[in-house]
Amino acid sequence: MYKAVIVDDEQDAIEAIKLILHEHCTDITVVGTAQSVTDGVKVINETNPEIVFLDIEMPPGNGFDILEQIPNRNFNVIFVTAYNQYAIKAFKYSAIDYILKPIDIDDLINGVNKLKRLQVSQDKVEEKINVLLQNIKSDKPDKIALSTSESIEFVHISDIIQIQAEGSYSTLMLLDQTQLLVSKNLGEFESLLEDHPFFRTHQSHLINLMHVKKVTRYGNEVVMDDGSVAFLSRRKKNQFLELMSRMVQQKKN
């Protein structure tokens, strides 16, 4: 059995989550609910749940305030929110699950099943929350949580050399020569990293422009700092060269 706490300033939302869990997730017991930041901190500390369903907007505070005020965050979090796209991107950077309001039954069930399936260790759960809190405060998050088949890895975005498509998966090549196979396709990474200096040179390659070493003589390959190679499609060549020229000029200035 899993113990759960629901924190939401809307009683209707609390009742909806309780009903879905009661009917579809019978191994989860709701041991407490709260409708404010203060009460949320209190009930989480008192009940020590494995899962917290957490709203964001709870005036005069928010769900992030709750996480900041709990010293031992040894629980998984599923945000249930109608919050803006910026926060959603921060969740994705941090591998934190979220469900949008109005609550969809299948989304809630899938989120719960994903947590149970992953069985993330306590220290990884804590780090996921720490990365989220850092990213929420930043205009441009500098760290990303990546779920592999064996663990969750926390990587500085500046350490990613390039990302290669592997069907519905992607392989990330890192500065320390590590390679990570992650269950996100290249299009998802392209969208997620759009605020960082990444460029899709080819349908199979997304590269970090900060780690470009050279372009081959015929201009159809880009060699990266680690020696790995990314294909450069003909239709992307001019755009790529223009971006690189602009970056070089900015460094000079």
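**What the labels rest on**

Reply: Met173 counts as buried because its relative accessibility is 10%, and buried means under 20% relative accessible area, exposed over 50% and partly exposed in between (1.4 Å probe, protein chains only). Bear in mind that this is a predicted model: local features need pLDDT of at least 70, side-chain atom pairs count only at pLDDT 80 or more, and totals for chains, interfaces and linings use all residues. Residues are numbered from 1 along each chain as its sequence is written, and side-chain values use heavy atoms, with hydrogens and water left out.

Me: What is Met173 in contact with, leaving aside its neighbours within four places in sequence?

Reply: Contact means heavy atoms within 4.5 Å. With those neighbours set aside, the list for Met173 is Asp159, Ile160, Ile161, Gln162, Gln164, Thr178, Gln179, Asp226 and Ser228. Ile160 sits 13 residues away along the chain, yet its C-alpha atom is 6.1 Å from that of Met173. Met173 itself belongs to strand β11, residues 169-174; helices (H or I, at least four residues) and strands (E, at least two) are DSSP runs, numbered from the N terminus.

Me: What makes Glu126 and Arg73 a salt bridge?

Reply: The rule asks for a side-chain nitrogen of Lys or Arg within 4 Å of a carboxyl oxygen of Asp or Glu. Glu126 and Arg73 come in at 3.4 Å, N to O, so the pair passes the 4 Å limit. Glu126 is in helix α6 and Arg73 is in the loop between α3 and β6, so the bridge ties together parts 53 residues apart in sequence. Arg73 is buried, at a relative accessible area of 8%, while Glu126 is partly exposed at 23%.

Me: How many salt bridges turn up in a search of the whole structure?

Reply: The search finds 13. One of them joins Asp97 and Lys114 at 3.3 Å, N to O. Asp97 is in strand β7 and Lys114 in helix α5 (residues 105-118), so this pair links parts 17 residues apart in sequence. Another joins Glu190 and Arg200 at 3.0 Å. Here helix α7 (residues 186-192) supplies Glu190 and strand β13 (residues 198-202) supplies Arg200, so the parts tied together are 10 residues apart. There's also a network: Asp8, Glu10, Asp55 and Lys101 are joined by salt bridges that share partners.

Me: What makes a set of residues a nonpolar core?

Reply: The members must be buried Ala, Val, Leu, Ile, Met, Phe, Trp, Tyr or Cys residues, joined through side-chain atoms within 4.5 Å. The largest such core here has 27 residues, and those with the most contacts inside it are Val7, Ile44, Leu54, Ile66, Leu67, Phe79 and Phe91. Two or more residues each come from β1, α2, β3, α3, β6 (76-81), α4 (85-94) and α6 (122-136). In soluble globular proteins, nonpolar side chains tend to be buried together. Phe79's contacts beyond its sequence neighbours within four places include Leu54, Leu67, Phe91 and Leu132.

Me: How do you know that β13 and β14 pair?

Reply: Two strands pair if DSSP finds at least two bridges between them. β13 and β14 have four, in the antiparallel sense, so they qualify. Phe199 has Ile207 as its bridge partner in β14, and a hairpin of two residues joins the strands. Strand β10 (residues 160-166) also runs antiparallel to β14, with three bridges, and Gln164 stands opposite His205.

Me: Which residues cover the two faces of strand β14?

Reply: His205 and Ile207 are on one side, Leu206 and Asn208 on the other, and all are buried.
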